[in-house]
Amino acid sequence: MRVISGIYKRKRFDVPRSFKARPTTDFAKENLFNVLNAYFDFEDDNVQALDLFAGTGSISIELVSRGCERVVAVERDRQHFAFIKKVMEDVKTDRCFPICGDVFKFISKTSEKFDFIFADPPYALKELGTIPDLIFHFDLLKEDGLFVLEHGKDYSFADHPCFEEHREYGSVNFSFFRRK
């Protein structure tokens, strides 16, 4: 796993082969952040971000590297959670707050609001299609916030009332949502 841009640009972290996580490809991640640059100035906007199903922490470290003020990374798998903590300790940042726990419980219990939310659930997760509704039902986005859901080709969210746009990079699909 490598950091694409920012203060940790080109830094690499070796993900253990035993991991079940499917990290967002560098190609898809780079293109995603190119699009996100039109929405945010991560360094100057004091962006508060939430990374759901954080996996290896690839998106979290990228957000921190690009100047995000605060990143909360939620990951249920203890081995993955420990890896995210180690990555953040290695770069000596105090801007990332990993949480070991269930994403759905976190969504329903947190009172925090975020400028940017990213979710990369397992593509086979049966509840994947409900995630946008939960984000908006529990009011996790700030007024001008953006939610991005990574998913496989089998999903289309074009009819969702908060859907904004869809981007596809190889087998990786991103759906963007904003409060209307």
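H151 is buried, with a relative accessible area of 0%. Buried here means under 20% relative accessible area, so H151 qualifies. Keep in mind that this is a predicted model.

Where does H151 sit? H151 is in strand β5, which covers residues 141-151. Its side chain makes a polar contact of 2.7 Å with the side chain of S175. Leaving out residues up to four places away in sequence, H151 touches Y123, L128, F157, H166, S171, V172, N173, F174 and S175.

In soluble globular proteins, nonpolar side chains tend to be buried together. In this model the largest nonpolar core has 36 residues, and those with the most contacts inside it are L36, L63, F116, V148, F174 and F176. Two or more residues come from each of α1 (26-36), α2, β2 (70-75), α3 (78-90), β4 (114-119), β5 and β7 (172-177). The element that gives the most to this core is α1, with 5 residues. As for L36, it touches F42, F116, L146, V148 and F176, again not counting residues up to four places away in sequence. Apart from this core lies another, of 24 residues, including I131, F147, L149 and C162.

Last, the largest pocket. It holds about 520 Å³ of space. Of its 27 lining residues, the closest to the centre are F53, E75, H80, D120 and P122. Which elements give two or more residues to the lining? They are α2 (58-65) and α4 (103-109). By class, the lining has 12 nonpolar, 7 polar and 8 charged residues.

Note on methods
Residues numbered from 1 in each chain as written. Predicted model: local features only at pLDDT ≥ 70, side-chain atom pairs only at ≥ 80, totals over all residues. Heavy atoms only, no water. Helix = DSSP H or I, 4+ residues; strand = E, 2+ residues; numbered from the N terminus. Buried < 20%, exposed > 50% of the residue type's maximum accessible area, 1.4 Å probe, protein only. Polar contact = N/O pair within 3.5 Å; in protein donor to acceptor, adjacent residues only side chain to side chain. Contact = heavy atoms within 4.5 Å. 1 Å grid on protein atoms, 1.4 Å probe; cavity = no way out; pocket = protein on both sides within 12 Å on 5 of 7 lines; lining within 4 Å. Points joined across faces, edges and corners; volume = space filled by probe spheres on them. Nonpolar A, V, L, I, M, F, W, Y, C, P; charged D, E, K, R; others polar. Core = buried A, V, L, I, M, F, W, Y, C linked by side-chain atoms within 4.5 Å.
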